[in-house]
Amino acid sequence: MIDYLAWYTMRVASTNADGTLELISLHPGAPSLSAVPVRLDPGASTKPDAGADVLVGFDNGSPAAPFATLPGGPMREVTITAEKKISVRVPDLELGPDGTRQPVARDGDVVTVPLVLTLPEGALAGMAPAGEVVSTGLVLSDPIVGTIEATATKTKAA
Amino acid sequence: MNTDYLAQYSAELVAQNADGTLELVVESAKIPGLSKVPLRLGLPGCTVKLKRGCRLLVGWENGDPRRPYGALFSASDVEELRIEASVKISVVAPEVNLGDEDGLPVARQGDIVELAVPGTIAVTGTINGVSFVGNLVVGEPLFGVISAPDIRTKAS
């Protein structure tokens with residue numbers, strides 16, 4: 001009984017279609033286990049790669065009720081799910097790979113467009129002397145300024 | 001097996017090392033201070049920087065006194081949090097708030113941009129090689145779409 005009060009390090013052999021794990025015990029006090037459910041932080045899920053380590057505990061110290069948790073090492077995919085809402089509250093938030101990030105645009109943010117127009121031949125035919133019209137590099141004196149109008153309804157950023 | 005190491009104990013974080021491991025003082029007199037204790041987190045791919053002085057639990061892999069790990073601290077004790085995966089991270093919920101709950105909807109590829117063009121715009125350029133100065137009259141606002149976003153971070 002006492003053996004099953006400990007949490008044991010086990011190695012992931014494979015992940016089943018239902019998300020349970022096939023585990024290889026790394027400790028002689030605990031057997032290798034099959035179809036072990038995974039318990040993670042609220043809403044979190046992952047499919048650990050074969051070879052990843054997890055800790056295995058036992059509900060009520062029962063050998064019949066193992067669970068895997070606290071995975072170690074790098075992950076390939078992580079999903080955080082909630083039925084209603086997920087909030088990330090922090091003064092400084094970065095999304096995406098290191099070294100490639102830019103600020104995200106939001107509803108109402110200002111857009112500035114410095115316009116240089118190249119009009120097609122004949123576009124100004126009524127304004128110019130007769131004959132072929134070639135216009136290049138028409139520059140508006142001021143950039144056009146506008147706002148982002150229609151955006152995501154489900155994801156918001158501060 | 002020493003059954004003392006089957007329990008989890010409350011501990012105080014004295015310092016967090018550059019590699020993320022912890023220097024801990026355990027509340028129970030049974031357990032000595034612990035150094036270079038790794039964190040085990042229930043959010044896969046997550047690493048955290050914790051506030052000095054915060055409390056967390058310490059357990060031992062396989063009940064082995066040589067293999068402590070720290071876990072289960074309060075959310076308010078997190079200074080920095082990083083989630084890393086080599087392929088993909090998904091945040092799935094009908095509503096996602098980033099930064100705080102009073103933010104604005106994010107712009108995505110294909111979203112509309114409305115440009116409020118003034119009725120008359122001064123224009124300069126050349127026509128048939130001759131310098132040109134005039135006014136461009138635009139009757140209606142211009143609309144465009146966002147066409148070149150970061151293709152790796154997506155939102156709904």
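By class, the lining of the second largest pocket comprises eleven nonpolar, eight polar and three charged residues, where Ala, Val, Leu, Ile, Met, Phe, Trp, Tyr, Cys and Pro count as nonpolar, Asp, Glu, Lys and Arg as charged, and the others, Gly among them, as polar. The structure is a predicted model, in which local features need pLDDT of at least 70 and side-chain atom pairs count only at pLDDT 80 or more, while totals for chains, interfaces and linings use all residues. Residues are numbered from 1 along each chain as its sequence is written, chains are lettered from A and ligands numbered from 1 in the order in which they are written, and side-chain values use heavy atoms, with hydrogens and water left out.

The second largest pocket holds about 390 Å³ of space. Of the 22 residues that line this pocket, A:G73, B:L39, B:G45, B:C46 and B:T47 are the closest to its centre. A pocket is here an open set of points on a 1 Å grid over the protein atoms alone, with protein on both sides within 12 Å along at least five of seven lines, whereas a cavity is a set of points where a 1.4 Å probe fits but cannot get out; lining residues have an atom within 4 Å of a point. Grid points are joined across faces, edges and corners, and a volume is the space filled by probe spheres set on the points. Strand 4 (46-50) and strand 8 (85-92) of chain B each supply at least two residues of the pocket lining, and the largest share, three residues, comes from strand 4 of chain B; strands (E, at least two residues) are DSSP runs numbered from the N terminus.

The largest cavity has a volume of about 40 Å³, and its lining divides into seven nonpolar, two polar and no charged residues, among them A:L21, A:V38 and A:P71.

In chain B, five strands form an open antiparallel sheet in the order 3-2-1-5-6, two strands being paired if DSSP finds at least two bridges between them. Strand 3 (34-37) and strand 6 (68-71) of chain B each have a single partner strand, so one side of each is left without a neighbour in the sheet. Strand 2 (residues 22-26) and strand 3 of chain B pair in the antiparallel sense over two bridges, and B:L24 stands opposite B:L34 in strand 3 of chain B.

A:T9 lies in strand 1 (residues 8-15) of chain A.

Conventions. Helix = DSSP H or I, 4+ residues; strand = E, 2+ residues; numbered from the N terminus.
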